[in-house]
Amino acid sequence: MRTIGMLGGMSWESTALYYRLANELVRDRLGGLASADLLVRSVDFAQVRELQVQGRWDDAVAVELGAGRVGLAGAGATMAEPFYAERLARHGLDVVVPGAADRELLDRAIFDELCLGVLSEATRAALRGVLARLVDDGVDAVVLGCTELELLLTAADCAVPLLPTARLHVQAAVTTALAP
């Protein structure tokens, strides 16, 4: 097995998710007591968040489903700034972001709860509403463009496929690490 170098999620909460997912996937593929050979780098998210708030993105460093129109759920800046949506659009996807109230709800859920390890059923229900409104807007899939959202939302929470970025990153890393 090759060593996986992993830059954690934005907060340590989603970094823990990355770590758990990688080890579960290796165990599932190899069996027994197998675990991932990992080097994890985590950053001080407070510094990254300050750069985001200041709009200094340059300093802050789905197609397989047959989806043509995807919803983008994430932190407020992820949905408002063009960097994420433009990259998806370059792959031929029509990107739909939630309305202003839903963007604010997502941002509060991420920064006021999920980054702090708070997993609320009331917030899960509210976020399911955001996903339902995206589906009503005609999306074929929803990109969870913030890894913290995976701490609360699963495929069962949405009527169309969810694209969980942390899980997809880990699957690609483990597949590469286990390749002959």
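Glu-24 is partly exposed, with 25% relative accessible area (buried means under 20%, exposed over 50% and partly exposed in between, using a 1.4 Å probe and protein chains only). Arg-20 is likewise described as partly exposed, at 40%. These two residues form a salt bridge in which the closest N and O atoms are 3.1 Å apart; the term requires a side-chain nitrogen of Lys or Arg within 4 Å of a carboxyl oxygen of Asp or Glu.

Both Glu-24 and Arg-20 belong to helix H1 (residues 12-30), where they lie four residues apart, about one turn of the helix. Helices (H or I, at least four residues) and strands (E, at least two) are DSSP runs, numbered from the N terminus.

## Basis of the report

This is a predicted model, in which local features need pLDDT of at least 70 and side-chain atom pairs count only at pLDDT 80 or more, while totals for chains, interfaces and linings use all residues. Residues are numbered from 1 along each chain as its sequence is written, and side-chain values use heavy atoms, with hydrogens and water left out.

## Further salt bridges

Seven salt bridges are found when the whole structure is searched. One of them joins the side chains of Arg-108 and Glu-104, with an N to O distance of 2.9 Å. Arg-108 and Glu-104 are separated by about one helical turn because they are four residues apart in helix H5 (residues 100-113). Arg-108 is partly exposed, with a relative accessibility of 41%.

In helix H6 (residues 121-136), Glu-121 and Arg-124 are three residues apart, about one turn of the helix. They too form a salt bridge, and their closest N and O atoms are 3.1 Å apart. Glu-121 counts as exposed at 53% relative accessibility, whereas Arg-124 counts as buried at 16%.

Strand S5 pairs with strand S3 (residues 69-73) in the parallel sense, over four bridges; two strands pair if DSSP finds at least two bridges between them. Strand S6 (residues 162-164) also runs parallel to S5, joined to it by three bridges. Leu-144 of S5 stands opposite Ala-73 and also opposite Pro-164 in S6.
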